[in-house]
Amino acid sequence: MRSFFLAFLIFVGISSRAQSPFEGTLTLKMSSSEKPDMGFTKLYFSTVGSRMETEMKLSPNMKPFKTVRISKNETPNVYYILNELNETYFISDLSNYQAQQKPDETIHVKVIGKEKIHDYNCTHAIITSKSGETELWTTTELMNYDSYKKINESDIRSRNLSYAKALIEANAEGFPVKTVKKSAGGSAIVIELVDANRKKLDKSMFEVPANYTKTQSPTTGLEG
């Protein structure tokens, strides 16, 4: 599940480069036939920075865990990973990181056509690679490329230039309103936009609380 969610961030990270910056919140629901309430991700965007909150429950015997990432526009290569349970934070600095393209990976994008999902005009496409098949519906009506690129880069494992290049060349880039990852056994994991709210956000949303303690390694609640 985690590997698929990181792949999903790749698709979000190559959203529209032409639209004006989005200000407000976007909420995405994660589900499968076995777990209809797998979790939610809420994205916050403002002129101050970006924030991503993800809350998931991977199994009935596991407590829900939450991850929070913050980035500020004034320091675009620095990301703050918060652990709200322990009131700690970790700083990730990607100033010297170079994204690696995977020349040996073949990515094929098949554009099905134009469809409307949740009142958004979307491009329906299917992506196939050695990791499997992903179906997605992307729109250029929500946000620009740089808005999500900043928050996406806070996890360098999710950066893959091959996917970005393939989608752009197929004219299928955009914000993924709906994403479906299909397994070989026939089951599927779905991530779908359930709410988009344009509004001004308080700048405190993009600050590390004063009572939080800095740590040397990230802790998100998933450990163990």
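I worked with residues numbered from 1 along each chain as its sequence is written, and side-chain values use heavy atoms, with hydrogens and water left out. Because the model is predicted, local features need pLDDT of at least 70 and side-chain atom pairs count only at pLDDT 80 or more, while totals for chains, interfaces and linings use all residues.

Entry on the rings. I searched the whole structure for aromatic pairs (ring centres of Phe, Tyr or the six-membered ring of Trp within 6.5 Å; planes under 30 degrees apart are stacked, over 60 edge-to-face, the rest tilted) and found one. Phe 22 and Phe 45 make up this edge-to-face pair, with 6.1 Å centre to centre and 85 degrees between the planes. Phe 22 belongs to the loop between α1 (2-13) and β1 (24-32), whereas Phe 45, 23 residues apart from it, belongs to strand β2 (residues 39-45). I noted both Phe 22 and Phe 45 as buried, meaning under 20% relative accessible area with a 1.4 Å probe and protein chains only.

Entry on the sheet. I looked up the strands (DSSP runs of E, at least two residues, numbered from the N terminus) and their pairing (at least two DSSP bridges between two strands). An open sheet of mixed pairing holds 12 strands, in the order β7-β8-β9-β10-β11-β1-β2-β3-β4-β5-β6-β12. β7 (108-117) and β12 (213-214) each have a single partner strand, so one side of each lacks a neighbour in the sheet. I found β2 running antiparallel to β3 (residues 49-56), joined by seven bridges.

Notes: Helix = DSSP H or I, 4+ residues; strand = E, 2+ residues; numbered from the N terminus. Buried < 20%, exposed > 50% of the residue type's maximum accessible area, 1.4 Å probe, protein only.
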